[in-house]
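Me: I would like to go through this model with you. Shall we begin with the sheet and then turn to the core?

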Amino acid sequence: MKYTELTKQFRQFFELPFTPVAVKFNSNEEPDIPHPMRYCEIVRKAAAFGTSYTCSADDMSCASAELALGFTEPAYGDVYPRMKPADTKTMTVTPLDKCEFEPDVVVVVGTASKLMRVAATLSKVKGDMVNAKFKGEFAVCGECTTIPVMENKVNLSLLCSGARMFSDYRNDEIVFGFPMEAFVDLAESLKEETITKALCGCLMDDLPARLVEAILALGFTKGTDHFIGRFGDEIVRLYIPKDESGKSSSVTLHVPVKFKDADASKSSEEVATDLFEEPMNYRLRDNWVDAILLIDLHEPIRRAAMKTEKFNELVNNGIEVMLERVGKFKRKTIH
(Lines give C-alpha, C1' and ligand atoms only; values in the text may rest on other atoms or scores of the structure.)
Protein backbone atom coordinates (compact mmCIF):
# COMPACT_ATOMS: atom_id res chain seq x y z
CA MET A 1 0.00 0.00 0.00
CA LYS A 2 1.17 3.53 -0.79
CA TYR A 3 1.16 4.90 2.77
CA THR A 4 1.80 1.72 4.77
CA GLU A 5 5.30 2.58 6.01
CA LEU A 6 4.42 6.20 6.72
CA THR A 7 1.45 5.10 8.82
CA LYS A 8 3.53 2.52 10.67
CA GLN A 9 6.21 5.09 11.50
CA PHE A 10 3.63 7.59 12.76
CA ARG A 11 1.77 5.08 14.91
CA GLN A 12 4.90 3.57 16.41
CA PHE A 13 6.45 6.91 17.28
CA PHE A 14 3.32 8.24 19.01
CA GLU A 15 2.17 4.82 20.29
CA LEU A 16 -1.29 5.21 18.76
CA PRO A 17 -3.72 2.27 18.96
CA PHE A 18 -5.84 3.71 16.11
CA THR A 19 -4.68 4.18 12.54
CA PRO A 20 -4.73 7.64 10.91
CA VAL A 21 -7.68 7.99 8.53
CA ALA A 22 -7.46 9.22 4.93
CA VAL A 23 -10.32 11.30 3.52
CA LYS A 24 -10.88 12.13 -0.15
CA PHE A 25 -13.53 14.49 -1.54
CA ASN A 26 -15.17 13.44 -4.83
CA SER A 27 -13.19 10.25 -5.19
CA ASN A 28 -13.69 7.94 -8.14
CA GLU A 29 -15.21 5.24 -5.93
CA GLU A 30 -18.90 4.34 -5.99
CA PRO A 31 -20.88 4.72 -2.73
CA ASP A 32 -20.79 1.45 -0.82
CA ILE A 33 -21.97 2.30 2.67
CA PRO A 34 -24.41 -0.33 4.08
CA HIS A 35 -26.74 2.21 5.71
CA PRO A 36 -26.75 5.95 6.49
CA MET A 37 -24.26 6.92 9.19
CA ARG A 38 -22.79 10.00 10.79
CA TYR A 39 -19.54 11.13 9.22
CA CYS A 40 -17.80 11.12 12.62
CA GLU A 41 -18.92 7.50 13.09
CA ILE A 42 -17.47 6.54 9.70
CA VAL A 43 -14.14 8.11 10.66
CA ARG A 44 -13.97 6.35 14.01
CA LYS A 45 -14.83 2.98 12.47
CA ALA A 46 -12.06 3.47 9.94
CA ALA A 47 -9.59 4.40 12.71
CA ALA A 48 -10.57 1.67 15.18
CA PHE A 49 -11.66 -1.23 12.95
CA GLY A 50 -9.98 -0.59 9.59
CA THR A 51 -13.21 -0.22 7.62
CA SER A 52 -13.46 1.78 4.38
CA TYR A 53 -16.54 3.55 3.07
CA THR A 54 -17.50 5.77 0.16
CA CYS A 55 -20.62 7.81 0.83
CA SER A 56 -22.88 10.36 -0.83
CA ALA A 57 -25.29 12.92 0.60
CA ASP A 58 -27.96 10.20 0.87
CA ASP A 59 -25.66 8.25 3.19
CA MET A 60 -25.26 11.09 5.70
CA SER A 61 -27.48 10.73 8.78
CA CYS A 62 -26.26 14.05 10.24
CA ALA A 63 -27.39 17.36 8.72
CA SER A 64 -24.39 19.17 10.22
CA ALA A 65 -22.01 16.92 8.30
CA GLU A 66 -23.95 17.45 5.07
CA LEU A 67 -23.43 21.20 5.43
CA ALA A 68 -19.85 21.15 6.71
CA LEU A 69 -18.62 18.68 4.07
CA GLY A 70 -20.23 20.50 1.14
CA PHE A 71 -22.96 18.04 0.21
CA THR A 72 -25.52 20.83 0.41
CA GLU A 73 -25.75 24.61 0.74
CA PRO A 74 -27.29 26.13 3.89
CA ALA A 75 -30.93 27.15 3.44
CA TYR A 76 -30.68 30.21 5.67
CA GLY A 77 -27.67 32.38 6.42
CA ASP A 78 -24.21 30.83 6.44
CA VAL A 79 -22.50 28.06 8.35
CA TYR A 80 -18.90 27.88 9.55
CA PRO A 81 -16.92 25.84 8.92
CA ARG A 82 -18.12 24.43 5.61
CA MET A 83 -16.81 23.53 2.17
CA LYS A 84 -17.28 26.33 -0.34
CA PRO A 85 -18.66 25.87 -2.91
CA ALA A 86 -20.88 22.98 -1.86
CA ASP A 87 -19.96 20.68 -4.74
CA THR A 88 -19.22 17.43 -2.90
CA LYS A 89 -20.82 14.40 -4.56
CA THR A 90 -19.00 11.57 -2.81
CA MET A 91 -16.40 11.06 -0.07
CA THR A 92 -14.10 8.11 0.57
CA VAL A 93 -12.91 7.42 4.11
CA THR A 94 -10.31 4.70 4.63
CA PRO A 95 -7.42 3.77 6.95
CA LEU A 96 -4.32 5.58 5.68
CA ASP A 97 -2.28 2.38 5.51
CA LYS A 98 -4.83 0.94 3.04
CA CYS A 99 -5.07 4.13 0.98
CA GLU A 100 -4.08 4.02 -2.71
CA PHE A 101 -5.19 7.56 -3.64
CA GLU A 102 -3.87 11.00 -2.62
CA PRO A 103 -5.97 12.06 0.41
CA ASP A 104 -7.20 15.60 0.97
CA VAL A 105 -7.16 15.22 4.75
CA VAL A 106 -5.74 12.87 7.36
CA VAL A 107 -7.73 12.57 10.60
CA VAL A 108 -6.06 11.23 13.74
CA VAL A 109 -8.12 9.98 16.70
CA GLY A 110 -6.45 9.50 20.07
CA THR A 111 -6.48 10.22 23.77
CA ALA A 112 -5.53 13.68 24.99
CA SER A 113 -2.20 12.38 26.33
CA LYS A 114 -1.29 10.74 23.00
CA LEU A 115 -2.24 13.74 20.88
CA MET A 116 -0.44 16.05 23.29
CA ARG A 117 2.77 14.40 22.06
CA VAL A 118 1.66 14.89 18.46
CA ALA A 119 1.09 18.58 19.16
CA ALA A 120 4.45 18.97 20.91
CA THR A 121 6.33 17.30 18.06
CA LEU A 122 4.40 19.26 15.43
CA SER A 123 5.29 22.49 17.22
CA LYS A 124 8.98 21.58 17.24
CA VAL A 125 8.98 20.60 13.55
CA LYS A 126 7.13 23.80 12.56
CA GLY A 127 9.00 25.97 15.02
CA ASP A 128 5.73 27.58 16.07
CA MET A 129 2.67 27.10 18.26
CA VAL A 130 -0.22 24.87 17.20
CA ASN A 131 -3.23 27.15 16.84
CA ALA A 132 -6.59 25.37 17.10
CA LYS A 133 -10.09 26.56 16.13
CA PHE A 134 -12.96 24.69 17.75
CA LYS A 135 -16.35 25.39 19.30
CA GLY A 136 -17.71 21.98 20.28
CA GLU A 137 -19.89 21.72 17.15
CA PHE A 138 -19.23 20.40 13.62
CA ALA A 139 -16.23 18.68 15.20
CA VAL A 140 -14.93 15.83 13.05
CA CYS A 141 -16.69 17.00 9.89
CA GLY A 142 -16.04 20.74 10.14
CA GLU A 143 -13.17 21.33 12.54
CA CYS A 144 -11.02 18.35 11.53
CA THR A 145 -11.93 17.87 7.86
CA THR A 146 -13.25 21.10 6.36
CA ILE A 147 -10.87 23.55 8.08
CA PRO A 148 -7.74 21.61 7.03
CA VAL A 149 -8.97 21.68 3.41
CA MET A 150 -10.39 25.21 3.19
CA GLU A 151 -7.72 26.93 5.32
CA ASN A 152 -4.80 24.57 4.67
CA LYS A 153 -3.99 24.31 8.36
CA VAL A 154 -3.69 21.60 10.96
CA ASN A 155 -6.59 21.78 13.41
CA LEU A 156 -7.48 20.19 16.71
CA SER A 157 -10.99 19.48 18.01
CA LEU A 158 -12.30 18.60 21.46
CA LEU A 159 -15.23 16.93 19.62
CA CYS A 160 -18.92 17.63 19.97
CA SER A 161 -21.89 16.06 21.75
CA GLY A 162 -23.00 14.23 18.58
CA ALA A 163 -19.65 12.51 18.19
CA ARG A 164 -19.54 11.45 21.83
CA MET A 165 -23.23 10.47 22.17
CA PHE A 166 -23.84 8.72 18.85
CA SER A 167 -20.47 7.73 17.37
CA ASP A 168 -18.72 5.99 20.27
CA TYR A 169 -15.93 8.51 20.88
CA ARG A 170 -14.61 8.06 24.41
CA ASN A 171 -14.56 10.83 26.99
CA ASP A 172 -10.76 11.03 26.87
CA GLU A 173 -10.49 11.13 23.04
CA ILE A 174 -9.85 14.17 20.88
CA VAL A 175 -9.10 14.51 17.16
CA PHE A 176 -6.48 16.14 14.90
CA GLY A 177 -7.12 17.03 11.25
CA PHE A 178 -4.15 17.46 8.88
CA PRO A 179 -3.89 18.68 5.30
CA MET A 180 -2.13 15.79 3.59
CA GLU A 181 1.09 17.72 2.97
CA ALA A 182 1.33 18.75 6.63
CA PHE A 183 0.83 15.16 7.79
CA VAL A 184 3.52 13.87 5.44
CA ASP A 185 5.96 16.57 6.63
CA LEU A 186 5.39 15.59 10.25
CA ALA A 187 5.50 11.83 9.66
CA GLU A 188 8.64 11.99 7.53
CA SER A 189 10.42 14.12 10.13
CA LEU A 190 10.05 11.18 12.52
CA LYS A 191 12.33 9.14 10.24
CA GLU A 192 15.17 11.66 10.45
CA GLU A 193 17.00 10.34 13.49
CA THR A 194 19.28 13.33 13.97
CA ILE A 195 16.38 15.78 13.67
CA THR A 196 14.09 13.77 15.94
CA LYS A 197 16.80 13.37 18.54
CA ALA A 198 17.66 17.04 18.39
CA LEU A 199 14.08 18.24 18.75
CA CYS A 200 12.88 15.86 21.47
CA GLY A 201 13.62 17.84 24.60
CA CYS A 202 12.99 16.94 28.22
CA LEU A 203 10.22 18.84 29.94
CA MET A 204 11.75 21.48 32.15
CA ASP A 205 9.90 20.10 35.18
CA ASP A 206 11.88 16.86 34.75
CA LEU A 207 15.24 18.60 35.20
CA PRO A 208 17.03 19.09 38.52
CA ALA A 209 17.18 22.67 39.80
CA ARG A 210 21.00 22.71 39.67
CA LEU A 211 21.02 21.86 35.97
CA VAL A 212 18.40 24.50 35.20
CA GLU A 213 20.40 27.11 37.11
CA ALA A 214 23.56 26.19 35.19
CA ILE A 215 21.82 26.71 31.84
CA LEU A 216 20.12 29.94 32.94
CA ALA A 217 23.55 31.26 33.97
CA LEU A 218 24.66 30.90 30.33
CA GLY A 219 22.10 33.51 29.28
CA PHE A 220 19.07 31.35 28.48
CA THR A 221 15.53 31.58 29.84
CA LYS A 222 13.32 28.58 30.53
CA GLY A 223 10.47 27.46 28.26
CA THR A 224 8.15 24.44 28.49
CA ASP A 225 10.50 21.87 26.98
CA HIS A 226 13.52 23.93 25.95
CA PHE A 227 15.62 26.95 26.89
CA ILE A 228 15.80 30.04 24.69
CA GLY A 229 18.22 32.94 24.56
CA ARG A 230 19.41 35.77 22.33
CA PHE A 231 23.08 35.68 21.40
CA GLY A 232 24.21 38.45 19.07
CA ASP A 233 21.54 38.75 16.39
CA GLU A 234 20.26 35.20 16.72
CA ILE A 235 17.66 33.43 18.85
CA VAL A 236 19.16 30.14 20.05
CA ARG A 237 17.09 27.31 21.50
CA LEU A 238 18.68 24.67 23.72
CA TYR A 239 17.09 21.22 23.99
CA ILE A 240 18.06 18.32 26.25
CA PRO A 241 17.28 15.07 24.39
CA LYS A 242 16.84 11.68 26.05
CA ASP A 243 18.22 8.40 24.77
CA GLU A 244 16.29 5.12 24.57
CA SER A 245 16.82 4.48 28.27
CA GLY A 246 15.46 7.90 29.24
CA LYS A 247 18.87 9.34 30.16
CA SER A 248 20.41 12.59 28.90
CA SER A 249 24.06 13.05 27.99
CA SER A 250 23.91 15.76 25.32
CA VAL A 251 22.37 19.10 24.45
CA THR A 252 21.30 20.42 21.06
CA LEU A 253 21.33 23.99 19.85
CA HIS A 254 18.76 25.11 17.31
CA VAL A 255 18.74 28.32 15.23
CA PRO A 256 15.92 28.96 12.70
CA VAL A 257 16.72 31.04 9.58
CA LYS A 258 13.78 32.65 7.77
CA PHE A 259 13.53 33.12 3.99
CA LYS A 260 10.98 35.09 1.99
CA ASP A 261 9.29 31.93 0.67
CA ALA A 262 9.66 28.15 0.38
CA ASP A 263 11.42 28.39 -2.99
CA ALA A 264 14.11 30.64 -1.52
CA SER A 265 14.52 28.23 1.39
CA LYS A 266 14.84 25.27 -0.97
CA SER A 267 17.41 27.04 -3.15
CA SER A 268 19.68 27.44 -0.12
CA GLU A 269 19.97 23.67 0.45
CA GLU A 270 23.30 23.28 -1.33
CA VAL A 271 24.88 25.93 0.90
CA ALA A 272 23.26 24.40 3.99
CA THR A 273 24.64 20.97 3.11
CA ASP A 274 28.13 22.42 2.78
CA LEU A 275 28.09 24.51 5.97
CA PHE A 276 25.99 22.42 8.37
CA GLU A 277 28.05 19.23 8.37
CA GLU A 278 28.59 16.84 11.28
CA PRO A 279 28.13 17.40 14.17
CA MET A 280 25.67 19.92 12.70
CA ASN A 281 22.57 19.21 10.68
CA TYR A 282 19.74 21.17 9.13
CA ARG A 283 16.09 20.86 8.17
CA LEU A 284 14.00 22.60 5.51
CA ARG A 285 10.45 23.52 6.51
CA ASP A 286 8.35 25.89 4.42
CA ASN A 287 10.27 29.20 4.25
CA TRP A 288 12.68 28.25 7.05
CA VAL A 289 15.99 26.44 7.39
CA ASP A 290 16.70 25.12 10.88
CA ALA A 291 20.38 24.81 11.81
CA ILE A 292 21.02 22.21 14.52
CA LEU A 293 24.15 21.34 16.51
CA LEU A 294 24.45 18.28 18.75
CA ILE A 295 26.87 18.66 21.68
CA ASP A 296 27.88 15.31 23.18
CA LEU A 297 28.78 15.72 26.86
CA HIS A 298 30.17 12.15 27.15
CA GLU A 299 28.57 11.74 30.58
CA PRO A 300 25.14 12.21 32.19
CA ILE A 301 24.11 15.84 31.89
CA ARG A 302 23.46 16.20 35.63
CA ARG A 303 27.08 15.28 36.31
CA ALA A 304 28.39 17.40 33.44
CA ALA A 305 26.56 20.50 34.70
CA MET A 306 28.28 20.18 38.06
CA LYS A 307 31.63 20.73 36.32
CA THR A 308 30.75 24.36 35.72
CA GLU A 309 33.82 25.52 33.83
CA LYS A 310 33.90 22.61 31.39
CA PHE A 311 30.11 22.65 30.89
CA ASN A 312 30.10 26.38 30.16
CA GLU A 313 32.99 26.00 27.74
CA LEU A 314 31.26 23.24 25.78
CA VAL A 315 27.97 25.11 25.43
CA ASN A 316 29.56 28.51 24.75
CA ASN A 317 31.83 27.00 22.10
CA GLY A 318 28.77 25.39 20.54
CA ILE A 319 26.97 28.73 20.46
CA GLU A 320 30.01 30.36 18.82
CA VAL A 321 30.09 27.65 16.14
CA MET A 322 26.35 28.08 15.51
CA LEU A 323 26.59 31.85 15.21
CA GLU A 324 29.62 31.65 12.91
CA ARG A 325 28.06 29.03 10.59
CA VAL A 326 24.62 30.67 10.54
CA GLY A 327 26.26 34.03 9.79
CA LYS A 328 28.11 32.53 6.81
CA PHE A 329 24.93 30.80 5.69
CA LYS A 330 22.97 34.06 5.72
CA ARG A 331 25.69 35.95 3.86
CA LYS A 332 25.75 33.33 1.11
CA THR A 333 21.98 32.96 0.75
CA ILE A 334 20.03 35.95 2.06
CA HIS A 335 22.41 38.92 1.81
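**Sheet and core**

Reply: V21 has P95 as its bridge partner in β3; strands here are DSSP runs of E of at least two residues, helices DSSP runs of H or I of at least four, both numbered from the N terminus. The model is predicted, with local features needing pLDDT of at least 70 and side-chain atom pairs pLDDT 80 or more, while totals for chains, interfaces and linings use all residues. Residues are numbered from 1 along each chain as its sequence is written, and side-chain values use heavy atoms, without hydrogens and water.

Me: How many bridges join β1 to β3?

Reply: Five, and the two strands run antiparallel. Two strands pair if DSSP finds at least two bridges between them.

Me: In which order do the strands of the open sheet come?

Reply: The six strands follow the order β2-β3-β1-β4-β6-β5, with antiparallel pairing. β2 and β5 (155–157) are the edge strands, each pairing on one side only.

Me: Moving to the core, which residues touch the most other members?

Reply: Y39, V43, L69 and Y169 do, in the largest nonpolar core of 38 residues. Such a core is a set of buried Ala, Val, Leu, Ile, Met, Phe, Trp, Tyr and Cys residues joined through side-chain atoms within 4.5 Å, where buried means under 20% relative accessible area (1.4 Å probe, protein chains only).

Me: Which helix gives the most to this core?

Reply: α2, with six residues.

Me: What is Y169 in contact with?

Reply: Leaving aside neighbours within four places in sequence, the contacts of Y169 include C40, V43, V109 and L159; contact means heavy atoms within 4.5 Å.

Conventions: Buried means under 20% relative accessible area, exposed over 50%, partly exposed in between (1.4 Å probe, protein chains only).
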